[in-house]
Amino acid sequence: MELKSIKGIGEKTISLLNSLDIYNINDLLSFYPYRYITYNISDINNVSDGEQVIIKGVICSTPIVRRFRANLNSTSFRVTSSSRMLNVVIYNRAFMKNNLVIGKLITIMGKYEEKKNTIVASNIILNDIKDGFIESRYHLREGITNKQISKYVESAFNVSNEVIDYIPEELNLKYKFIDKSTALRYIHFPKSVSEIKKAKLKLIYEELFLFMFKINYLKYVKTKEVGKEPKVVDIRKVQEFLSSLPFELTKDQIKAIEEIHKDLTSTVRMNRLICGDVGSGKTIVSVVAAYECFLAHYQTALMAPTEILARQHYESISNLLIDTDIRIGLLLGSTKKKEKEEIYEKLKNGEIDLLIGTHAIISDNVSFKNLGLVITDEQHRFGVSQRHSLRNKGNIPDILYMSATPIPRTYALTIYGDMDMSLIKTKPKGRKEIKTIIKSESEIKDVLYLMLEEIKKGRQIYVVVPLIEESDKSELTTVSEIKDKLDIAFNKKVSISTLHGKMNKDEKESVMKDFYSGNIKILVSTTVIEVGVDVENTTMMVIFDAGRFGLATLHQLRGRIGRNSLDSTCVLIGSKNNKRLKVMEESNDGFYITEMDFKMRKEGDLFGVKQSGDMSFKIADIKRDYDILLQAKSDSEDFLQKNIINGFKNQEKYIKIVKELKSLD
Ligand code: ADP
Ligand code: MG
């Protein structure tokens, strides 16, 4: 049902709600609070000096407003509470004055100061609040308040006539879950902590059950799929190509290549994830796959998450395949119209064998003559439904994903349960470990010295600064401030450039070109260089305010250096006591680091806060709720087995899901 059907919601509110990913009544009902505040009313006769209290009181004096400066004012008045008289002072709420009338019962939150018989209030609620009242707090955008969301949710309950419960009846009974409508009520308007708990359990299980149901269904479909023609590959040509490579493949690369070869030449569609640390050499594995596909007279599409990466792939892959007959094309969102049309034409006629581009190449109306393989790089950026929407191009193309998120195997087995996996754990020979050191801000001189040493050796340096969302500073100012400081420190004798998201494509490109060619020695940027960018001569990375980045991001960033046999150093500027930074100092192993990341990650308050990356569950948290995930996995397998034979008879809701998944195919 549409949002419009709620009274009092107009166009403006709708667009605000849309910005919170709320598009209909169901989205609104499943827009869960991220935490709760419990109002336990204190008895003022029973509190001590300095304590945080919540009391109810009746206003008994006219409030007096004092203004100190333009942005500082105080409002004071007296209240009676539990037969005592108290002073209340609250800052910067002069606008409340007219609502604070004598005789009104209000709720005051703040700090009790015994000597002055005063409560310094942090908040005043203009009505009576029941002891133990629980308030839900939502993650919001400017322009919309917590109160409004509550109101809209309340109205949504009134207009919504169908709340679908995706847990099968027998499982609801087995686990004694509360019903879905009640769970939704409890989650938004709980009267007790126990209601929150019951609601959470129900909704988390439901979310994970549904997720695993989809994964299991897709896995099932895969085994039933018919019609894929096995690719016929001249293995001698592949061997020839492999032996022409300028390096020796690692054991895991060879194994992955073999696994992929088996998939390509089988009648079952490949659906494989190559999971390997940054720099483990996933690209060459996918290139071999594309080459085999070419030998079998099929086309390949390779997608990267950004234009920079797509371009880089285009260059390095063209290089690797230079002695073969494979014809490679590059298609980006920004490619000129005429050039695009030429490429479309060639794809249709089969004059391009390997097309490299951003995700646009699959969503645009590109048609291939004979697409046989789709490769997606950095797959963690694409969600479950997206990863299945890739499958609809061409006949029955094989699918290969590459992910540099080395998630622990146990988690991978569940959330990527619909895919086969090739793990690349061994590092290419001759790779040196990157030395990582933590430096505090007061040691910046040492850092500058290290940088200068590196420049003197003819090497290049990345400097990374975090994007600070809550600050007023733009990306541009943050980046250029650091550049200016470095210019001063190095007396402008070192060429320094900046790279950030606000630059247009041409600007970015020309900076990257100058950096590749070595004209630029130091590149100051935000995390735009996070994924894939590869400049071998860069042997140092300095990350400012490193504590602001997550472990996975730090590891990804660091992977930009140490790409050859030169000694590389990563300097993390931050606190020496920071546990996460210490993990970075200790280890270069992505699998270990992600495991630690999972271990150290905060659970989110009462609720799983939205997870970053691929797995964005609304309420579940795959780490915290891992046991539930396993249960949901096996329950959904049983359920699927029992019901798939009769096509989910009398189970409309599952038929609908299955149809949706099929239409993606
Ligand atoms: P990633 O897994 O992060 O995508 P890449 O595929 O970009 O890593 O490989 C990183 C670099 O290592 C590239 O320059 C690539 O040519 C090189 N490389 C890949 N495999 C090997 C190997 N077995 N030995 C030496 N260098 C390799
Ligand atoms: Mg890569």
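This is a predicted model: local features need pLDDT of at least 70, side-chain atom pairs count only at pLDDT 80 or more; totals for chains, interfaces and linings use all residues.
## Basis of the model

Residues are numbered from 1 along each chain as its sequence is written, and chains are lettered from A and ligands numbered from 1 in the order in which they are written.

## Domains

The chain is split into domain 1 (41-125), domain 2 (163-222 + 606-665), domain 3 (225-424) and domain 4 (435-587), with bounds from an automatic or database domain assignment. Between the C-alpha centres of domain 1 and domain 3 the distance is 66 Å.

## Ligand 1 site

Ligand 1 is surrounded by 17 residues, and the closest are Glu248, Gly279, Lys282, Thr283 and Arg431; a residue is near if one of its heavy atoms lies within 4 Å. Domain 3 (225-424) and domain 4 (435-587) each supply at least three residues of this shell. By class, the shell holds four nonpolar, six polar and seven charged residues. Here Ala, Val, Leu, Ile, Met, Phe, Trp, Tyr, Cys and Pro count as nonpolar, Asp, Glu, Lys and Arg as charged, and the others, Gly among them, as polar.

Polar contacts are pairs of N or O atoms within 3.5 Å. The side chain of Lys282 places an N or O atom 2.8 Å from an oxygen atom of ligand 1. A polar side-chain atom of Gln253 is 2.9 Å from a nitrogen atom of the ligand, and a backbone N or O atom of Gly281 is 3.1 Å from a ligand oxygen atom. Of the 560 Å² of accessible area that ligand 1 has on its own, the protein covers 83% (Shrake-Rupley method, 1.4 Å probe).

## Strand β21

Six of the six residues of β21 (568-573) are buried, meaning under 20% relative accessible area with a 1.4 Å probe and protein chains only. Ser568, Cys570 and Leu572 lie on one side, and Thr569, Val571 and Ile573 on the other. In a regular strand, side chains alternate between the two faces of the sheet.

Strands are DSSP runs of E, at least two residues, and helices runs of H or I, at least four; two strands pair if DSSP finds at least two bridges between them. β21 pairs in the parallel sense with β16 (434-439) over six bridges, where Lys439 stands opposite Ile573. β20 (538-543) also runs parallel to β21, joined by four bridges, and Met540 is the bridge partner of Thr569.

## Asn491 and Lys492

Most residues other than glycine have a negative phi. Asn491 has a positive phi of about 55 degrees, and Lys492 one of about 60 degrees. Asn491 sits in the loop between α16 (475-489) and β18 (496-499), and Lys492 also lies between α16 and β18. Asn491 is exposed (over 50%) at 56% relative accessibility, and Lys492 is exposed at 66%.

Notes:
Side-chain values use heavy atoms; hydrogens and water are left out. A polar contact is a pair of N or O atoms within 3.5 Å; within protein, one must be able to donate a hydrogen and the other to accept it, and residues adjacent in sequence count only if both atoms are side-chain atoms.
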